[in-house]
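Hi,

Here is the structure I said I'd pass on to you. Have a look at it first, and then read my notes below.

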Amino acid sequence: MASEPLVRLTGVTMRFAGGRAPALDGIEAEILGGRITGLAGPDGAGKTTLIRLMTGLVQPSAGRVEVLGHPADGSLTPIHRSIGYMPQRFGLYEDLTVSENLELYADLRGLLEPERGRSFDRLLAFTDLARFRRRLAGNLSGGMKQKLGLACALLKTPRLLLLDEPGVGVDPISRRELWRMVGDLTGQGIGVVWSTAYLEEAERCDTVLVLDQGRLVYGGAPEGLTRRAAGRTYHLTGLGDRRSALARQLDRPEVVDGVIQGSAVRLVMREGAAAPETTEAGMVIEPVPPRFEDAYVDMLGGGPGGRSALAEGFRAIDGDGTVIEAEGLTKRYGDFTAAGEISFAIRRGEIFGLLGPNGAGKSTTFKMLCGLTRPTAGTARVAGLDLARDGPRARARIGYMAQKFSLYRDLTVAQNLAFFAGVYGLSGKRRRSQTERMVEIFDFGPHLKVAAKDLPLGFKQRLALACAVMHEPEALFLDEPTSGVDPITRREFWTHINGLVRRGVTILVTTHFMDEAEYCDRVALIYRGREIATGTPDDLKTRARSAETPDPTLEEAFIGLIEASDAERQAA
Amino acid sequence: MGRILALVIKELLALLRDPKGRMVLIGPPILQLFVFSYAATLEVSNVRIGVLDRDDGLWSAELLQRLDASDTFAEIVPVDGVQAIDRLIDQRQVIAVLHLGPAFSRDLMAGTDATVQLLLDGRRSNAAQIVEGYVRRLLSDLNRDARARAGLPAIPEDPLVVRHWFNPTLEYQWFTVPSLLAMLTMLMGLIVTSLSVARERELGTFDQLLVSPLTPAQILAGKSLPPLLVGLFHGTVFLLAAIFFFGVPFTGSLALLYGSLVVYLAAVIGIGLFISSLSATQQQAILGSFLFAAPAVLLSGFATPVENMPEWLQTATLINPLRHFLVIVKGLFLKDMPLETVAASALPLALIAIVTLGTAAWLFRRRMG
Amino acid sequence: MRRFLALTRKEALQVGRDPSSILIAFVLPLILLFLFGYGVSLDATSIRVGLVLPSSEDADDLAAALTASDGIVVVTARDRRQLTGALVAGDIRGIVVIPENFRAGDPIQVLTDGSEPNTARFVENYVRGIVQGWNASTPGRPSPPGIVIEARYWFNPGLESRHFLVPGSIALVMALIGTLLTALVVSREWERGTMEAMLATPVSPVELLLGKFVPYLLLGLGSMAICTMLAVWLFGVPLRGSILALVAISAAFLVPALGQGLIISALSKNQFVASQLALLSGFLPATLLSGFIFEIDSMPEVIQWITFVVPARYLIPSLQTVFLAGDIWPLFLGDIAAMLAIGAVFMGLAANATRKRLA
């Protein structure tokens, strides 16, 4: 059974009118039943196109797509009867309720009683949506939408389930539930395709197909790739300043890759290189098992160095004390408290993370702190200035980078830079020199006349950062800053942030992804509008330690703390 | 100031950088100006009229000839009998049927009253009334000529000496083209303004502006100036087209026109900003603009005089900027309208501008810290 | 059938819950109907006309005749100069100048505001009618023989413009629902990915198309029914034809209108472009190039050619006929055939554009 592939891709190439490079280039792959096949790669790598080819909705420019034994270019009905497809944004009708969405898809799939009723009960129990039957899909949280989307795709148990980026905008708890649900399905012999931009997700799949710019760069079990980094990965602990330690390590030729994990630095050494040496007193080096991402970055030739030209030219911000301060921040919408009594103080040169499930109040808190939402009660201060009373002056001290890099898409790189320089009041010589510096640091030279929307993803990320820091702010607000980008770009980004922090810039960041959270000095976990835990990533891990998870990851800690909070509330 | 300038430059670039954006700003308005100028006419020409001629005499033949020669009628459809009249009018093959009795020519020559029937299609009552007026004039000329030919005493001249001021030959385009200048600048200004905020909100860049050190007043100014420039550009293009292409005389003061255009645009932009501060998406902004623009155009005095509306609706139109500017623009084109008369219409415009811009500023501030 | 019903039900639920659908399907129609019912009127009833009145008995008598008429409102002054400013300002639409020492039969000067040709012509004709009538009624001046014209307006003897404007506005309402609403709704489905999710189920494209078509057809007809009731009961427009004819004409129009909406949605990147295209290619031609207010025959030939592909051009005559005249099937059938033919072409193009969009 399992030996017969559900999907067979032979030399599949896809070109779009106007596109210079093919979106997909000679893809050869098979999708098997009973396992999860991860489709990994950054935004624009061709993941969505490949999934759409498997639905038969589009035809390849060259090559052959065979789904469930049928060529995907003739009558699609036999294919469509046996596949479940969840497009990006879940394909739900937001104006319909949970039940109405299910009813609709059941009718479309010809699901009749008595199977229908059973199927509804099973899926509502499975997705834990029974309580929300009458709620409009548009009013569900990201995680619940995703579960509903999955339920709709599963109504008539398919043989092949195609999920396009189901993990985007979904918090760790929902993501874990989704994995559990999908795991159940593969147990029944269903083949699942799961696309993702995050390698930590890809690592959990049974098989991965890694795409990069339309080419298949790796296909096989993730362990197959991970193995290549075996014996080359280390944790450095007991460091004085882990950020400078990382920067130093990354500049060494024998280090391929390095990231911060809580108080530790994780290094991947070049093939054949010796283990890292102790360079400072108290430093402890211990080998750790490799991760998929380590091997992937190694395969691409390694991450960027540890120097940040951006930070080197940045003004030094001296002094201690609090830069960003939340004091009893509360936001109420009618009876609903989106955020209640949030208080914390972020010291100069600290990276502070806001974590929490969707709809828990994390974004509301973030927005109050940068002045986008006016708090119902409490005060938000930046550099001692109250955002509610002294808005423009306070805002001049901050830089802001939104999710999906909200640049002016139709404006060129040069025009975007000129605009942000103007808005932040840079003029004359300073404006010219800052613009030139940004162009030089980020290598914008050849792209100056390119519209922001046409830039490669990595450059978009750079431009967004450049626009946010040109005026050399004291504090930087980052809202899911690296969602959807490739690991190399993410490393480059964090190298700059680490460098800026060492110059005294203070960072507030929200994220759903734990490897970003690991860069933080401290994180606050927001749940149901309350701050349920604040501390260093290692603190949180320690707090969540239990018999079952003696050494929890940050994600496990996150989930554990939230479950503990739930239990406490129920007990009360 | 530098900050506002940066905003203005950015807005203009966003509008003009991409060729498609430039096209949208230039193509449709020009196209609309031309199509509307030629299509939006209440004059009647080239219609078909049926004639049931029972007379078959000299004067009925003369009448047919004169009908045929006129521009109003494209075709004279001969009608065989009374039954055929129904079918022709019912099926809209003709707009009217002229029924001449057997004694038509005889009565005319005899100098007695000749009776004719004119049956008109009331479904198109407006055009039909114009046709009636035209047929009346034609017949009264015919009567005069017939009496002269028969040597009967001439009937008194038309007791009216009519002079059409400002537009002696009643050129319809002298009316439509200046009105379109006012109407199209409003439509474009409204769309450009209301979309600029909604687009930024959709793309997330509006938050980017809100977290910058710009004050609400600066953002408002940065959002208002570009549509003002665009509006002045459209106004100028339409003005040039009106004078040089359509040959509409411009008798008034250019300075007054531009001065009042600025006030008018300020009122329009205020409304656009008001709409955009209420709408979350571009689609809502478009629908909101439409919801305002459709009544504004219909109740402006362009399609029909404001005096024809019920009293309460006339009062309601006072908040319609187009209504006031139409008076100014027609006045400056055709009537050499003096300053105090222009000011009397510009004052309400200024009031509308102050109220809408003020409200928009308040709504903006409410969203910000 | 089951799938089709499910799609229809979904569509109905969505329209009821989406504010912009409600706006287009229910609020805009009422606004338009009221505007055309109350606001737009081609019947002059209170045009203000200035009167320069010297002191003479005959002049006073003529002034009384002018003042007594319903069509104009007379503003009297002793001197012309008092009125010319008002004419420039647009406060009055014309000036009747009765000369000094006026006696019946003497010429009278009429000055009109030529900046509004239509009103100017109305003032001229209206004043002429009154003066001629007054002259004829003056003792000692027998009316000269002439041609007596018995003009009769069929279908609308009272010449109320509302009678043809209100049926015309129903056509606009259906154009809005057919084109704007469908374009928005379907482009939203593309934007949100639900269209793709639908296409990946066993639903056939025909079912999907019908699932869009039938609900909006019904919505358009429902809106037409509400407008008709308002037209008849509130605005007193007669409905002389049969309901059957009304429904048949409206349904035939909705085929090309919906087709146009589907083409637009498949061609547009997003709802914003869709709404712009729908207004530009649907609403404006339906207002301007349909013969609704402006006579198609009087337009330049090039523009007349364009009107042949404007479906509203065929709807408006039939709609005005079914309201004011009655069932004239030869006219209806011709128009219905034209609309269905355009509809077939549009639907074909829509199917084609949808296929292309996927690739």
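Let's start with helix α10(B): 19 of its 25 residues are buried, so the rest of the structure largely encloses this helix. "Buried" here is a matter of counting: a residue is buried if 20 or more other C-beta atoms lie within 10 Å of its own, exposed if 12 or fewer, and partly exposed in between, with C-beta atoms placed from the backbone. Helices (H or I, at least four residues) and strands (E, at least two) are DSSP runs, numbered from the N terminus.

Before going on, a word on the ground rules. This is a predicted model, in which local features need pLDDT of at least 70 and side-chain atom pairs count only at pLDDT 80 or more, while totals for chains, interfaces and linings use all residues. Residues are numbered from 1 along each chain as its sequence is written, and chains are lettered from A and ligands numbered from 1 in the order in which they are written.

After α9(B) comes G247(B), with a positive phi near 65°.

Where the chains touch

How many residues of chain C are in contact with chain B? There are 85, and they meet 84 residues of chain B. Two residues are in contact if their C-beta atoms, placed from the backbone, lie within 7 Å. On the chain C side, helix α5 (residues 117-137) gives the most, with 12 residues. That side divides into 49 nonpolar, 25 polar and 11 charged residues. For those classes, Ala, Val, Leu, Ile, Met, Phe, Trp, Tyr, Cys and Pro count as nonpolar, Asp, Glu, Lys and Arg as charged, and the others, Gly among them, as polar.

Chain B also meets chain A: 23 residues of chain B are in contact with 27 of chain A. On the chain B side, the elements giving two or more residues are α1 (2-16) and α8 (205-210). α1(B) gives the most, with eight residues. By class, that side has 11 nonpolar, seven polar and five charged residues.

Two packed helices are described by the angle between their axes and the distance between the axes. Axes are lines fitted to C-alpha atoms, for helices over the stretch in contact, and angles run from 0 to 180 degrees between N-to-C directions.

Take α8(C) (residues 205-233) and α9(C) (residues 243-267): they pack at about 130°, with axes 9 Å apart. The pair is therefore oblique (under 35 degrees is roughly parallel, over 145 roughly antiparallel, 65 to 115 roughly perpendicular, and the rest oblique). Their crossing is right-handed; a crossing is left-handed if the near helix is turned anticlockwise from the far one by less than a right angle, and right-handed if clockwise. Among the residues that meet there are F213(C) and Y216(C) from α8(C), and L254(C) and L258(C) from α9(C). This contact has 11 nonpolar, three polar and one charged residue.

α9(C) also packs with α10(C): the axes come within 9 Å and cross at roughly 145°. That crossing is right-handed. Q260(C), G261(C), I264(C) and S265(C) in α9(C) meet A274(C), L277(C), A278(C), S281(C) and G282(C) in α10(C).

Some loop residues

In chain A, the peptide bond from E113(A) to P114(A) is cis, with omega near 0°. P114(A) sits in the loop between α3 (98-108) and α4 (115-127).

Which is buried and which is exposed, A383(A) or D443(A)? A383(A) is buried, with 21 other C-beta atoms within 10 Å, whereas D443(A) counts as exposed, with 11. Neither is a glycine, yet A383(A) has a positive phi of about 50° and D443(A) one of about 60°. A383(A) is in the loop between β18 (377-382) and β19 (385-386).

Finally, G291(C) is buried, with 24 other C-beta atoms within 10 Å.

Cheers
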